[in-house]
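Student: I would like to learn how to read cavities, pockets and ring contacts in a model. Please take me through one case.

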Amino acid sequence: MKKVIAAAVVSLSMLLPALATTWYVSPNGKKKNEGNTPDAPLKAIWNAVEKAAPGDKIYVAAGNYTGKAACGFIQIDKPLEIYGGYSADFKTRDIAKNLTTIKPSIEMNKTPPKNGTVEFQIDAAKSVTVFDGFVIDHSDVNAYHDKEGKPEGLETGMWLEPPSKGKYPCASLKKYQIYGNTTGTLTISNCLFLNGSFYAININHLEGTVNIKNNVIFNSRMLACNVSSRSGKAFATKLNFEYNTVLFTWSRTKDFGDMGYGVRALPKVDANISNNILGLSVMSGFDDSMNNRKNEGKVALNNNAFFLNKKGDVSWTVSPAVKYLKVEADEFEDFEDVDGIESCENNVSLKDTSVFKGIIDPVYLEAFLSASYTESADFDPNSEANQLRAALGMNKQGSLKSKVTMYANKYPFSENLFKLFGAVKGVGAQSF
């Protein structure tokens with residue numbers, strides 16, 4: 001009888017999942033520590049990722065983390081739950097007080113990431129991955145002009161497109177802040193994104209759900225959030241983009257010609273865009289211009305507050321052009337009839353801008369609202385150089401001068417940015 005019972009216990013243990021391990025990371029830790037107790041933490045997130053098994057949790061104490069050998073980026077290649085914002089003793093968690101940052105320095109541009117500052121490569125179909133409570137800041141890996149595009153009162157001039165001259169030839173990073181080739185369930189929550197040199201979040205998802213919830217995405221280029229489906233099956237990827245505050249999304253180039261969207265819907269993604277603040281975009285807060293083909297779009301756009309987007313609150317393609325509308329415009333009801341829009345209810349224009357007083361730098365805001373780009377041609381057909389060109393049978397030449405008043409200038413980090421969490425009850429990032 002004892003042998004039968006023992007065999008039954010062994011069989012049962014093989015069926016039960018292994019208990020998840022919690023790993024601890026702190027700037028005061030050591031690589032040689034065991035890492036699975038608060039009093040013997042590891043020193044680096046990447047070290048914990050290497051030690052962890054799928055399904056484990058990683059708690060990260062306040063500090064700055066820059067990747068393996070200080071490379072400036074962190075790769076996550078298995079489903080894990082990673083939480084920042086812990087105190088040094090791991091007894092309390094507060095993401096505003098215990099700043100847990102991924103903020104690479106300019107020297108780290110010598111070994112730039114392939115895709116993003118945080119890179120997820122997760123292929124387990126039923127996996128669950130959580131990334132919560134971090135500040136991802138590109139302020140120090142971007143290059144800014146000393147004088148051009150520098151309104152009075154701002155710290156820097158305009159953002160510089162790489163490569164630029166200097167010690168590090170790729171002076172602006174121009175990488176996503178978070179990038180992923182993923183499947184299963186991915187949740188990115190309670191994070192602050194600042195001064196993104198490219199999209200803040202770019203996820204290529206196979207099957208399952210991507211939850212982007214309760215984040216502040218501030219001062220990005222091109223797009224704050226982009227989630228695409230790499231599955232051949234329609235709507236195998238679900239996007240929940242909820243309770244985020246997205247402010248200051250800049251265009252692709254300094255002429256404000258294209259891009260500059262808060263969040264975009266893409267074909268074959270079942271997108272739920274709700275309860276967000278989408279404001280201060282060069283183009284629009286929500287873009288559907290890639291998605292509104294019959295039987296390919298699936299979008300719920302509900303309960304969002306739009307705020308001072310330059311061209312429109314929403315945009316979509318009316319062949320061959322892109323159409324922009326403000327939510328308070330009479331013709332906004334037309335947007336509800338666009339192919340793929342399954343619901344579009346209770347979207348409003350945020351009228352009470354006083355909620356941002358003392359949070360958003362008024363000098364930066366005013367400069368953004370009045371930002372402009374101009375070009376002027378300088379052509380003198382009778383100049384000595386053009387006379388010589390004509391005599392030699394060459395085309396005469398002139399020059400084109402451009403001027404921009406502001407473009408993706410650095411927004412200085414301030415603890416006031418955490419006041420955006422909970423600034424407006426019911427929409428945008430909420431208090432944690």
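**Pockets, a cavity and rings**

Tutor: The second largest pocket is lined by P27, K31, K43, A44, I45, W46, N47, N64, Y65, T66 and G67. This is a predicted model, in which local features need pLDDT of at least 70 and side-chain atom pairs count only at pLDDT 80 or more, while totals for chains, interfaces and linings use all residues. Residues are numbered from 1 along each chain as its sequence is written, and side-chain values use heavy atoms, with hydrogens and water left out.

Student: What is a pocket, and what is a cavity?

Tutor: Both are sets of points on a 1 Å grid over the protein atoms alone: in a cavity a 1.4 Å probe fits but cannot get out, whereas a pocket is an open set with protein on both sides within 12 Å along at least five of seven lines. A residue belongs to the lining if it has an atom within 4 Å of a point. Points are joined across faces, edges and corners, and the volume is the space filled by probe spheres set on them. The second largest pocket holds about 160 Å³ of space.

Student: Which element gives the largest share of the lining of the second largest pocket?

Tutor: Elements are DSSP runs numbered from the N terminus, with helices (H or I) of at least four residues and strands (E) of at least two. Here α2 gives the largest share, three residues. For residue classes, Ala, Val, Leu, Ile, Met, Phe, Trp, Tyr, Cys and Pro count as nonpolar, Asp, Glu, Lys and Arg as charged, and the others, Gly among them, as polar. By class this lining has five nonpolar, four polar and two charged residues.

Student: Which residues line the largest pocket?

Tutor: W46, V49, E50, K68, C71, F73, I74, Q75, I76, D77, E119 and Q121 line the largest pocket, which has about 190 Å³ of space. At least two lining residues come from each of α2 (45–51), β4 (74–76) and β7 (116–121). The lining divides into six nonpolar, two polar and four charged residues.

Student: How many cavities of 30 Å³ or more are there?

Tutor: The count is two. The largest cavity has about 40 Å³ of space, and its lining is made of N142, Y144, W159, N195, G196, N219, S220, R221, W250 and A408. Strand β13 (residues 216–221) supplies the largest share of that lining, three residues. By class the lining has four nonpolar, five polar and one charged residues.

Student: Why is the pair of W250 and Y407 called edge-to-face?

Tutor: The planes of W250 and Y407 are at 85 degrees and the ring centres 6.0 Å apart, so the pair is edge-to-face. W250 is in strand β16 (residues 245–250) and Y407 in the segment after β28 (399–404), so the pair ties together parts 157 residues apart in sequence. Both W250 and Y407 are buried. Ring pairs also link W159, F218, F248, W250, F256, Y364, F368, Y407 and Y411 into a cluster.

Student: Where do charges sit over rings?

Tutor: A charge sits over a ring if NZ of Lys or CZ of Arg is within 6 Å of the ring centre and within 35 degrees of the ring normal. R221 lies over the face of W159, 4.0 Å from the ring centre. The charged end of K298 sits over the ring of F235, 5.2 Å from its centre.

Conventions
Phe/Tyr/Trp six-rings, centres within 6.5 Å; stacked < 30°, edge-to-face > 60°. Buried < 20%, exposed > 50% of the residue type's maximum accessible area, 1.4 Å probe, protein only.
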